[in-house]
Amino acid sequence: MRIESGGGTEPGGAAPAPLLPPADPLAGQRVLVLISGSIAAVKLPLVVSALAARGAEVRCALTPSAERLVSPVALASLARRPCALDDDQWSHQAARPLHIELAEWADLVLLAPLSATTLGRWVHGLADGLVASTLLACEAPVLVAPAMNTAMWEAVPVRRNWQALQTFERVVPVAPAHGLLACDRRGEGRMAEPERLLLALESLALHGWRRDWAGRRLLVSTGPTREFLDPARCLTNPSTGRMGVLLAQAALQRGATVDVVHGPLTVDPVLLEGLRRHPVVTAAEMERQLVDLQPAADAIVMAAAVADHRRVEARLDKLPKQDLQPALSGGWEPVPDLLAGLVARRPAGQRILGFAAHSGDVLPQARAKFARKGCDLLFANPIDQPAAGFGSPFNQGWLLGPGERIEPIAPAPKLAVAHLLLDALAGLPLRPPAAAPPHRPAADGMHPAAADP
Ligand code: CTP
């Protein structure tokens with residue numbers, strides 16, 4: 001979606017049909033799950049089960065090593081379709097070779113876990129075995145999640161092969177995380193968790209494999225802030241931070257380097273993997289981080305729900321209950337508008353997207369707020385509707401942009417809304433991207449520029 005192009009609503013004009021993905025972006029997708037020989041293969045039944053439950057069509061194929069680690073019978077049952085093994089590749093009863101049939105069937109491919117051997121085979125163009133042949137025959141985007149012992153992952157030939165893989169079109173890497181490995185070592189090499197793989201697949205279904213944010217830096221604020229009355233009580237709000245975190249993950253997968261300044265979050269910690277995190281608690285802490293990070297950002301998304309008032313003087317001792325009433329009604333001051341500060345300080349070419357949370361009639365309030373805040377785009381969302389707002393998996397609202405354009409956004413999963421907002425930001429004239437090679441691998445594989453000093 002490009003907010004500058006046709007399709008916006010002129011003031012007083014009829015609302016166009018919003019350009020929206022289906023309710024669950026994975027529903028109806030044909031997902032081919034290729035599993036190679038790493039112990040992380042035991043987690044794949046969870047992914048397959050979740051995909052099938054979300055309405056995806058799922059087929060699995062295993063290398064002989066993977067067959068020893070995870071049950072093809074379990075995978076076939078969870079996928080509701082036969083599981084393909086090396087022995088099935090050639091059959092006098094099949095009209096076409098199985099690797100061609102699988103490769104042409106798939107809309108999306110998940111290669112997880114990726115072992116050192118399968119990586120080497122693919123990079124060197126070897127077609128020995130069903131999984132290796134399918135990868136070479138496949139023209140669909142492939143989400144790739146390696147898993148191996150840290151020393152193996154850091155071995156020169158594996159690094160070299162992994163780097164070579166980043167230059168392949170249609171490949172979306174989800175590099176392993178740091179953690180406890182089955183070999184009892186703690187280090188890099190742990191496969192991305194199933195929830196993260198599902199999120200990355202969902203992004204792939206929504207946006208495709210192209211890294212249109214490569215070489216760009218995005219700064220996102222999200223979550224609530226807290227202002228303390230005393231050490232035991234605070235003023236805050238029900239924001240979970242999910243919308244901003246998903247927006248950050250979407251941008252990461254599209255190639256951006258993403259800094260996330262966040263208050264106390266209530267999202268699955270797995271969804272924070274791969275992001276540069278800057279945790280804060282109060283608005284003053286958030287402001288300090290934003291001031292530090294703003295100069296390097298090409299674009300900023302201010303999704304944080306900043307608490308509105310703070311104590312004029314902080315109390316270090318807990319107030320007795322009987323003294324609460326006067327303390328609640330006096331001694332507070334407004335928190336400065338952080339978004340206004342960002343707009344006032346912004347360097348030339350930096351784009352800023354603000355959020356607006358409203359109940360009741362959203363649009364008139366949003367128009368006034370957009371005029372007041374001075375940001376390039378404002379996403380106004382209702383907080384009193386079932387499919388939007390704090391804690392909801394969905395969002396909806398209006399995107400206000402230059403030239404009095406207003407784009408309605410119908411209820412959709414928050415990740416779908418995140419991609420629409422990124423499309424709109426990318427549709428504005430941004431600073432030219434830094435000359436970062438789009439596929440150069442980083443330590444975490446998802447955002448090449450993050451490895452730069
Ligand atoms: N915001 C901010 N600093 C504040 C308050 C809000 O930067 N002290 C930002 C939010 O991150 C959001 C936008 O301003 O991007 C609008 O926030 P919202 O809570 O909708 O509005 P407020 O400015 O707080 O105004 P009101 O509560 O009166 O609607």
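Helices α9 (residues 194–207) and α10 pack at about 70° with their axes 10 Å apart, and are therefore roughly perpendicular to each other. Angles of 65 to 115 degrees count as roughly perpendicular, those under 35 degrees as roughly parallel, those over 145 as roughly antiparallel and the rest as oblique. Axes are lines fitted to C-alpha atoms, for helices over the stretch in contact, and angles run from 0 to 180 degrees between N-to-C directions. Helices (H or I, at least four residues) and strands (E, at least two) are DSSP runs, numbered from the N terminus.

This is a predicted model, in which local features need pLDDT of at least 70 and side-chain atom pairs count only at pLDDT 80 or more, while totals for chains, interfaces and linings use all residues. Residues are numbered from 1 along each chain as its sequence is written, and side-chain values use heavy atoms, with hydrogens and water left out.

**Helix packing**

In the contact between α9 and α10, Arg196, Leu199, Ala200, Ser203 and Leu204 of α9 meet Leu246, Gln249, Ala250 and Gln253 of α10; contact means heavy atoms within 4.5 Å. These residues divide into five nonpolar, three polar and one charged. Here Ala, Val, Leu, Ile, Met, Phe, Trp, Tyr, Cys and Pro count as nonpolar, Asp, Glu, Lys and Arg as charged, and the others, Gly among them, as polar.

Helix α10 also packs with α15 (residues 414–426): their axes come within 8 Å and cross at roughly 60°. That makes α10 oblique to α15. On the α10 side the contact holds Arg242, Met243, Leu246, Leu247, Ala250 and Ala251, which meet Lys414, Leu415, Val417, Ala418, His419, Leu421 and Leu422 of α15. Ten of the contact residues are nonpolar, one is polar and two are charged.

A further pair is α1 (residues 44–53) and α3, whose axes come within 8 Å and cross at roughly 15°. That makes α1 roughly parallel to α3. Leu44, Pro45, Val48, Ser49 and Ala52 of α1 meet Leu75, Leu78 and Ala79 of α3. This contact has seven nonpolar residues, one polar and no charged.

**Pockets**

A pocket is an open set of points on a 1 Å grid over the protein atoms alone, where a 1.4 Å probe fits, with protein on both sides within 12 Å along at least five of seven lines; lining residues have an atom within 4 Å of a point. Grid points are joined across faces, edges and corners, and a volume is the space filled by probe spheres set on the points.

| Pocket | Volume | Lining by class |
|---|---|---|
| Largest | about 770 Å³ | 17 nonpolar, twelve polar, seven charged |

The largest pocket has a volume of about 770 Å³. Of its 36 lining residues, Ala303, Ala304, Ala305, Val306 and Ala357 are the closest to its centre. Two or more lining residues come from each of α10 (242–253), α13 (338–345), β17 (351–358) and α14 (362–373).

The second largest pocket is lined by 32 residues, with Gly37, Ser38, Ile39, Ala40 and Ala147 nearest its centre. The elements that give two or more residues to this lining are α2 (64–67), α5 (116–123), α6 (130–137) and β8 (186–190). Helix α5 gives the most, with four residues.

**Backbone details**

The peptide bond from Ala112 to Pro113 is cis, with omega near -15°. Pro113 is in strand β4 (residues 108–114). Arg80, in the loop between α3 (72–79) and β3 (83–84), has phi near 65°, a positive value in a residue other than glycine.
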